[in-house]
Amino acid sequence: MTGIRNIVVLTGAGISAESGIDTFRSEGGLWEQHRVEDVATPEGFARDPDLVLRFYDMRREAIQTKLPNPAHQALARLDAAWKGELLIVTQNVDDLHERAGARRVLHMHGTHLNAWCTACDTRSPWTGPMIDRPPCPSCGARALRPDVVWFGEMPYEMDRIYGAIRQADLFVSIGTSGAVYPAAGFVRDARELRVRTLELNLERSQGSHWFHESRQGPASRLVPEWVN
Ligand code: BJW
């Protein structure tokens with residue numbers, strides 16, 4: 001990676017697919033089994049909290065049985081070795097980047113492993129179910145929800161992400177369909193700033209044509225090939 005000092009890596013569900021975690025928009029993916037409006041919007045949660053809490057309880061339990069794959073491990077190696085700036089911006093709510101050993105990770109769509117108390121606005125580490133309406137560890141209110149970003153809500157740490165893209169020499173997108181904004185727009189933001197862009201995805205995505213280079217294949221092969 002000659003001439004590259006600062007890197008922003010965006011990851012999506014495709015990087016965790018080979019760890020056995022369902023993607024959203026692939027055949028048989030989560031959005032074929034559940035209506036987005038029902039389980040991934042604040043309105044859906046207000047209408048039927050039990051449905052939403054069950055959906056997230058099931059996924060929270062499942063991710064804890066999964067393991068990082070060679071793509072997460074390769075990014076963790078890059079994170080440990082890279083002397084310049086590096087930011088791994090993940091849309092994923094699993095913790096497989098961290099469990100592989102990566103440190104410079106930002107969860108723009110939140111995490112399964114936090115509960116957010118809508119009464120006192122505190123986030124607490126959480127691994128168990130929420131369906132039985134447990135009290136908030138901070139204030140005791142029974143007002144917990146998954147700490148994830150639903151449609152219509154503002155993704156986390158956008159200023160930090162745009163700041164990192166402005167400083168970047170290279171933007172790499174891994175395992176994301178490019179269907180969900182604002183993440184889907186990062187490649188165009190990067191191009192406007194004359195940042196080099198690379199896509200690693202199983203197939204061509206909705207945004208492939210925006211990248212300087214797009215490589216197709218499984219993340220477990222493409223990411224180690226790119227990092228090494
Ligand atoms: C592999 C692989 C392997 C498989 N190896 N690859 C009209 C125009 C523009 C925007 C909007 C619009 N109408 C509404 C909006 C806004 C809306 C939006 O984008 N809607 C679109 C549907 C059009 N966005 C929002 O509401 C966001 N908030 C917002 O915009 O706030 C205002 C704002 C404006 C400007 C700046 C800042 C803020 C919030 C979006 C929240 C998304 N939430 C979810 C759920 C999170 C919690 C949970 O997990 O349940 O996030 S939805 C879901 O999609 C999840 C994901 O992070 C996200 C992206 O999915 P991802 O990761 O790309 O997965 P897939 O399944 O789509 O793709 C997987 C890819 O991997 C595929 O390409 C496969 O081929 C590939 N793959 N195996 C390599 N082995």
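The structure is a predicted model, and its secondary structure comes to 10 helices and nine strands. The radius of gyration of the protein is 18 Å, close to the 17 Å that the globule rule gives for 228 residues, so the protein is as compact as a globular protein of that length. Among the contacts with a separation of 6 or more, 61% are between residues 24 or more positions apart.

The domain assignment gives domain 1 (1–20 + 68–109 + 154–228) and domain 2 (22–65 + 116–148). Taken over C-alpha atoms, the centres of domain 1 and domain 2 are separated by 25 Å, and the contact takes eight residues from domain 1 and five residues from domain 2. On the side of domain 1 that touches domain 2, the residues are by class four nonpolar, three polar and one charged.

Both domain 1 and domain 2 give residues to the shell around the ligand, so the ligand lies between them. There are 36 residues around the ligand, of which Gly12, Gly14, Phe24, Gln91 and Ser177 come nearest. By class, this shell has 19 nonpolar, 13 polar and four charged residues.

Two helices, helix 8 and helix 10, are set side by side in the table, with their buried residues and the arc that these cover.

| Helix | Residues | Buried residues | Arc |
|---|---|---|---|
| Helix 8 | 158–167 | Ile161, Ala164, Ile165 | within 100° |
| Helix 10 | 219–227 | Ala219, Leu222, Val223, Val227 | 125° |

In helix 8, Ile161, Ala164 and Ile165 are buried. Seen down the axis of helix 8, these buried residues fall within an arc of 100°, so they line one face of the helix. What covers them includes strand 1 (7–11), strand 2 (86–90), strand 3 (105–107), strand 7 (170–174) and helix 9 (186–192).

In helix 10, the buried residues are Ala219, Leu222, Val223 and Val227. They cover an arc of only 125° around the axis, which puts them on the same side of helix 10. The cover over the buried residues of helix 10 includes helix 1 (14–17), helix 6 (70–81), strand 7, strand 8 (196–201) and strand 9 (213–216).

Methods
Residues numbered from 1 in each chain as written. Predicted model: local features only at pLDDT ≥ 70, side-chain atom pairs only at ≥ 80, totals over all residues. Buried ≥ 20, exposed ≤ 12 C-beta atoms within 10 Å, placed from the backbone. Helix = DSSP H or I, 4+ residues; strand = E, 2+ residues; numbered from the N terminus. Arc of directions from axis to C-beta. Contact = placed C-beta atoms within 7 Å. Near = placed C-beta within 6 Å. Nonpolar A, V, L, I, M, F, W, Y, C, P; charged D, E, K, R; others polar. Domains from an automatic or database assignment. Rg over C-alpha atoms; globule rule 2.2 N^0.38 Å.
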